Amino acid sequence: MGTLLKQAVQRDMLSFRCIADRRNKTLKQNIQLDVQYLDDILLYFNGEIKSNIELNENAPLRISCRVDGNPAPTIRLSRGQADTDLDERHGAWLNYTIDTARCTDTDTYRCSGISTGFINTEKVININVLCNTKFDKAGRFKSTYGSKSGMDTTINVAVPIIANPPPQSSDFKWDGPVPVSARTTLSTGDVSYKHVIESFIPVKDHTYFGNYTLSYKGQTVTRITINAEDIPQTPSNFTEFSYTNGSVSLTWVSGFNGGPEQFFVLYAMGSSNWKVIGNVSDPGEGRLVYFDPGFLFPGQEYSFRIQSCNKINCSLLSAATRVTVKGEVASRSCIIAISLVSILLGLTWFMVAVFVVYNRRCRNVHQNSKHGKENTQLQTQNMTQHYDDVQGTVVYQLEEQNMTQHYDDVQGRVEEGKYTDLKGDNTVAEGDYTELGQCDPETPYEKLKE
């Protein structure tokens, strides 16, 4: 039995052969070899082996990794300090392509060869993509600001940008409603191509509110808006004018409203303090506004003030303006007399109106009563006429009876032999006749009525 001493093998060795000779007999024994190995990794950039690459934005980028080994190794491509995996292959080659490089592709790339039983092999390549300054859409950014105004008031604006190499802060410029000189600084983030432009924009008065544009060497980077969130300005040119008897006109010019919609509050001096006499809406900045406080006593002096207000707060009160009302000055007693006369006239007219209404109502009631009475009288007349007709018939019958009775009495006396007396006393008979002829025809009517 023979022993094969330790031998150095090469990756191209496939086997060992043992040969034994014994006299005229030869024995051979082959030993198959499986030589395992892992070569160093090779990293290519666009077909060239380089460790540091610099290229312009939008250029193509191809990374190739090659690792020879037995068994076939696993190749992994990653980037950055976080070692983010980009691709992985089992075999000798790994190819990774970027059609158009971006500034964000700037980073450290690492190719690793992995095989069981061997220490991993790796190569690193630094890729630096050059790019122009542009706004970083993935960064934190605030586009709208609200602010008050004042000589010491500034707005701190932070604008994320991407640029490689880093730009100079002096090449940035802000353009707005008014020319501004903003203090600008540049800071670099976690990666070399990310930066933040920090600017301090002054807002000295209301003319500084509006839209601003950030540019770099004449190229627009981004835009922001600074809105007013301030108290309004005190109205300017607050004046008064007494133009007619007992009347005053107040005028002023509307100022900046502070951002929100504003209105004006007017005050007049009362007996001991200022009192609100009116609210007026804002017609717009720079517009002339009018207000009439109503009738004022001629010859007296009045004081007025004004201020602007919005939902945030009110402006300072204006200085008091004084005016003496034009017109003839009436004495206090005259004013009282006029007032009393006015009151009396009012009461008189009221009483007249009450009397007219009452008279009309009474007239309507009287007319209704008169119509009722006339109906009653007409009915009474009809009944009286009917009654008189009945009474006439009865009286006539009674007279006829009386005359018949008297005639019978006279005739009876003649029959009894008193004819001579009657004849001799013709006057009596005639007198009786005369009395009968003169008998009052109304007597039976009166008796009947009794």
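Val 341, Leu 345, Trp 349, Val 352, Phe 355 and Val 356 together make a nonpolar surface patch of about 610 Å². A patch here takes residues with over 30% relative accessible area and no salt bridge, joining like charges within 9 Å and nonpolar side chains (Val, Leu, Ile, Met, Phe, Trp, Tyr) within 5 Å. The salt bridge in that rule is a side-chain nitrogen of Lys or Arg within 4 Å of a carboxyl oxygen of Asp or Glu. Accessible areas come from the Shrake-Rupley method with a 1.4 Å probe, and for residues only the protein chains shown count as cover.

Helices (H or I, at least four residues) and strands (E, at least two) are DSSP runs, numbered from the N terminus. With a relative accessible area of 48%, Leu 345 is partly exposed; buried means under 20%, exposed over 50%, and partly exposed in between (1.4 Å probe, protein chains only).

## What kind of model this is

This is a predicted model, in which local features need pLDDT of at least 70 and side-chain atom pairs count only at pLDDT 80 or more, while totals for chains, interfaces and linings use all residues. Residues are numbered from 1 along each chain as its sequence is written, and side-chain values use heavy atoms, with hydrogens and water left out.

## Three disulfides

How many disulfides does the structure hold? There are three, each counted as a pair of cysteine sulfur atoms within 2.5 Å. Numbering the bonded cysteines of the chain in sequence order gives the pairing 1-3, 2-4, 5-6.

Cys 65 and Cys 111 form one of these disulfides, with their sulfur atoms 1.5 Å apart. The pair links distant parts of the chain, 46 residues apart: Cys 65 belongs to strand β6 (residues 61–66) and Cys 111 to strand β11 (residues 107–114). Both Cys 65 and Cys 111 are buried. Another disulfide joins Cys 103 to Cys 131, at an S to S distance of 1.9 Å. The link of Cys 103 and Cys 131 is left-handed, with -55° about the S-S bond. Cys 103 lies in the loop between β10 (93–98) and β11, and Cys 131 in strand β12 (residues 121–135), so this pair ties together parts that are 28 residues apart in sequence. Cys 103 counts as buried at 2% relative accessibility, and Cys 131 is buried too, with a relative accessible area of 8%.

The sulfur atoms of Cys 309 and Cys 314 are 1.9 Å apart and form a disulfide. The torsion about its S-S bond is about 110°, so the disulfide of Cys 309 and Cys 314 is right-handed. Cys 309 counts as buried at 3% relative accessibility, whereas Cys 314 counts as partly exposed at 27%.

## Strands around β19

Tyr 145 is found in strand β13, residues 144–147, and counts as buried at 10% relative accessibility. Strand β13 pairs with strand β19 (residues 219–228) in the parallel sense over four bridges; two strands pair if DSSP finds at least two bridges between them. In β19, the bridge partner of Tyr 145 is Ile 226. Tyr 145 and Gly 210 are 65 residues apart in sequence, with their C-alpha atoms 9.9 Å apart in space.

Strand β18 (residues 210–216) is joined to β19 by seven bridges, and these two run antiparallel. Leu 214 has Thr 222 as its bridge partner in β19. Two residues separate β18 and β19 in a hairpin, where Lys 217 in the turn has a positive phi of about 55°.

## Two open sheets

Three strands form an open sheet in the order β20-β21-β24, with antiparallel pairing. Its edge strands are β20 (236–244) and β24 (288–291), each pairing on one side only. The twist averages 20° from one strand to the next, with axes as lines fitted to C-alpha atoms (for helices over the stretch in contact) and angles running from 0 to 180 degrees between N-to-C directions. Five bridges connect β20 and strand β21 (residues 247–253) in the antiparallel sense, and Thr 244 has Ser 247 in β21 as its bridge partner.

The open sheet of four strands has the order β23-β22-β25-β26, again with antiparallel pairing. Here β23 (274–281) and β26 (321–324) stand at the edges with a single partner strand each, so one side of each is left without a neighbour in the sheet. Neighbouring strands of this sheet are turned by 30° against each other on average, direction ignored. Strand β22 (residues 263–269) and β23 pair over seven bridges in the antiparallel sense, and Phe 263 stands opposite Ser 281 in β23.
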